[in-house]
Each structure stands twice: as C-alpha cells, then as structure tokens.
Amino acid sequence: MSLSAPDPSRPRRGARQWFSRVWAALRGRSYVPADLSAPPPALDTRRTVHHTVEKTFTTPARGDVYELTVNVEMCWCATGTLSDETLRTKITARVPGVLAELKAAARPVARGFLPFRPDEAEGPVAAAILRAVNGELAATPDEDGVVLNCTPRVRVQMDPVIRDLQRPFVENQLKQEARYDLSELAARRLGDLRIVWRDFITAGLAEWETPYAVSLAQQPDLAFKLLFSMREDRREEARGLVGTVAQVASGHDRLDLLEFAVASDSALRRTYELLGLPLPTPGPDSLFGTAPNAEETP
C-alpha cells in the first residue's frame, strides 16, 4: 500500500478536529465533527469597468432657424462576472441605442428655448437626457446579468453664427458697464476730495499767507518772485488801512466817541496783523480796559 503526500492546500484533519473540540468545550456545546467533504464557498469574482464616451450633436432651437449645440459626456460603469474586455464591449454595444434616445429626448425640449439662451436651456435639456438614459437602460437589461449605469454630463452652447452676431452688442454692453463703474468711482473720489478741500480752505482761510503758501508748494522755483510779491501786497494793503485810519480820524467830529474808538481800534489791529507785529498790551488808562488775564493793580 503506497502512501501519497498530503495536500498542503487542505488543513490537517487532526488539528482541525482538536480545535473544534476545544472551541465547543469553551462554548458549552458537544463536539460535532465538521464535514470535510463539502466544497469551499465560491469567491466573488465580479469586476467593475469604467468608461467615458463623449458625443456632440445639434438640435433645433425655437423657430427652427438656428440650432443649439449639445455636448454629452457619458460616464459608463459596468459590473459583472465577465472579463474587463467583455464588460467594455457591453458598454460600447449600448452607446448607440442610448445616444439615439437622448437625442430624441433633447429635441422637443430644446425647441422651447431661444437660440441665444443656451444657459436657460441647459438645465431642462440635461434633465430630459438623464430620464431618457435611465429609461433606456432599465427597459433592456443585459442578458448576462451585467449591471450597466450611465451618468450624463450635459453642456448646451449657442450656434457660432449667433455668437458672431451677438459679439458687437456684448462688447458695447461691456463698455457701457465699464463707463458706469468709472463714473461711480469718480463720484466717490470727488466726494472724498470735496471733504479734503473743505478742510483745507477752512484751516487756511483765516491766514493771509495761505495763497502764497499754495503758490510756493506748486512752484517752488519761483520762491523769490512770490516772496517779493507778497511783500509788495502787504505794503499796499497797509497803505490802504492807514488811509482808512486817516479818514476815520478826520471824520471823528461827525462820529460818536464810542463809534470812533471801535473803528480806530479795528483798523489798527488789522494793520498790526498785516505787518506781522505783536499787538501792544493796553495800558491802565486805555478806554478798553486792561488786557485779558492781566492782574489788577491795587
């Protein structure tokens, strides 16, 4: 009697029976020998293949004068126990039928939209194509049990002829919108400048040097000429004020004493300011009283 070598792929009978006996004792059950003659369970051998098919076709828009261009990217998925090549062949065989159905479904929907409104037509056309694809795959299941799924991605575009006709109008619209934006920015900028210039004028209006300072800031090379002109202007204005004081003095006999004093004081103060001289401190015998913050003499 010849002894054959044990099969390494099958577990040894003694070790398996011993493990089963120990496991049954731990669980409180009686030992039942396992049936080693039963075949092992079959492994799952299903495969999945992905394939993308892109198709482009045209369909009439409203009026049947111009057309809309529809681009469909069909993402296929086939799952079955066949080989990868066979699953890919299954997909290729179903593409023509699905394509014919989705074209038929897109045609009546696209006819409801104007040829220059592809953005409005894209959603309804995509929904109609998805229903057509799902209906076609469900109506004719695969004879080998292969599960086929298709997800369409739809893009709708206008006819190139219409795009050429619309381009000048769109360019004009873009120019108008840019002009409006510039006008709005200019208005805001002018408002900011108005506030800046208002503060500048308010701060410098009371200072007689402001016009000369602005001229020097804009034309620093003309500093000598501007300073000479400033001196002459101050002299002319001082002469005018002195003349005013003389007229007031000559007509004091026709004025009330208080009016004469007020007019003379205002003219003299303005003369001191133009000449850049400090105002004298009023004495104790002044008609206007003592200077502000001056201490009273006992």
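The following legends describe close-up views of a predicted model.

**Figure 1. Overview of the predicted protein.** The protein has seven helices and three strands. Along the sequence, these elements follow the pattern α-β-β-α-α-β-α-α-α-α. Of the 298 residues, 22% count as buried. The protein exposes about 22200 Å², and carbon and sulfur atoms supply 58% of this area. Among contacts with a separation of 6 or more, 63% are between residues 24 or more positions apart.

**Figure 2. The largest nonpolar core.** This core has 29 residues, of which V70, V72, M74, W76, L102, V125 and I129 touch the most other members. At least two residues come from each of β1 (47-60), β2 (67-80), α2 (84-110), α3 (118-139) and β3 (147-158). Helix α2 gives the most, with eight residues. In soluble globular proteins, nonpolar side chains tend to be buried together.

**Figure 3. Surroundings of V125.** Leaving aside neighbours within four places in sequence, V125 is in contact with V70, A106, V109, A110, V154 and V156. V70 and V125 are both among the core residues that touch the most other members.

Figure 4. T59 is found in strand β1 and counts as buried because its relative accessibility is 2%. Not counting residues up to four places away in sequence, T59 touches E67, L68, V70, A106, R107 and A110.

**Figure 5. The cysteines C75 and C150.** The count of disulfides comes to zero. C75 is in no disulfide, and the nearest cysteine sulfur, that of C150, is 7.4 Å away. C150 is likewise in no disulfide. With 5% relative accessibility, C150 counts as buried.

**Figure 6. The salt bridge between D84 and R47.** A search of the whole structure finds eleven salt bridges. In the one shown here, D84 pairs with R47, and the closest N and O atoms are 4.0 Å apart. D84 lies in helix α2 and R47 in strand β1, so the pair ties together parts that are 37 residues apart in sequence. D84 counts as partly exposed at 37% relative accessibility, as does R47 at 39%.

**Figure 7. The salt bridge between D144 and K90.** The side chains of D144 and K90 meet in a salt bridge, with an N to O distance of 2.6 Å. D144 lies in the loop between α3 and β3 and K90 in helix α2, so this pair ties together parts that are 54 residues apart in sequence. D144 is partly exposed, with a relative accessible area of 43%, whereas K90 counts as buried at 14% relative accessibility.

Figure 8. R188 forms a salt bridge with E184, the closest N and O atoms being 2.7 Å apart. Both residues lie in helix α4, four residues apart, about one turn of the helix. R188 counts as exposed at 53% relative accessibility, and E184 is partly exposed at 40%. Elsewhere, salt bridges that share partners join E54, E73, R153 and R155 into one network.

**Figure 9. A nonpolar patch on the surface.** The patch is formed by L190, L193, W197, F200, I201, L205 and V214, with about 700 Å² of accessible area together. Helix α4 (residues 160-204) gives the most to this patch, with five residues. L205 is found in the loop between α4 and α5 (210-218). Its relative accessibility is 68%, so L205 counts as exposed.

Definitions and conventions:
Residues numbered from 1 in each chain as written. Predicted model: local features only at pLDDT ≥ 70, side-chain atom pairs only at ≥ 80, totals over all residues. Heavy atoms only, no water. Core = buried A, V, L, I, M, F, W, Y, C linked by side-chain atoms within 4.5 Å. Buried < 20%, exposed > 50% of the residue type's maximum accessible area, 1.4 Å probe, protein only. Contact = heavy atoms within 4.5 Å. Areas by Shrake-Rupley, 256 points an atom, 1.4 Å probe, with all protein chains shown as cover. Patch = residues over 30% accessible without salt bridge, like charges linked within 9 Å, V, L, I, M, F, W, Y side chains within 5 Å. Disulfide = S-S within 2.5 Å.
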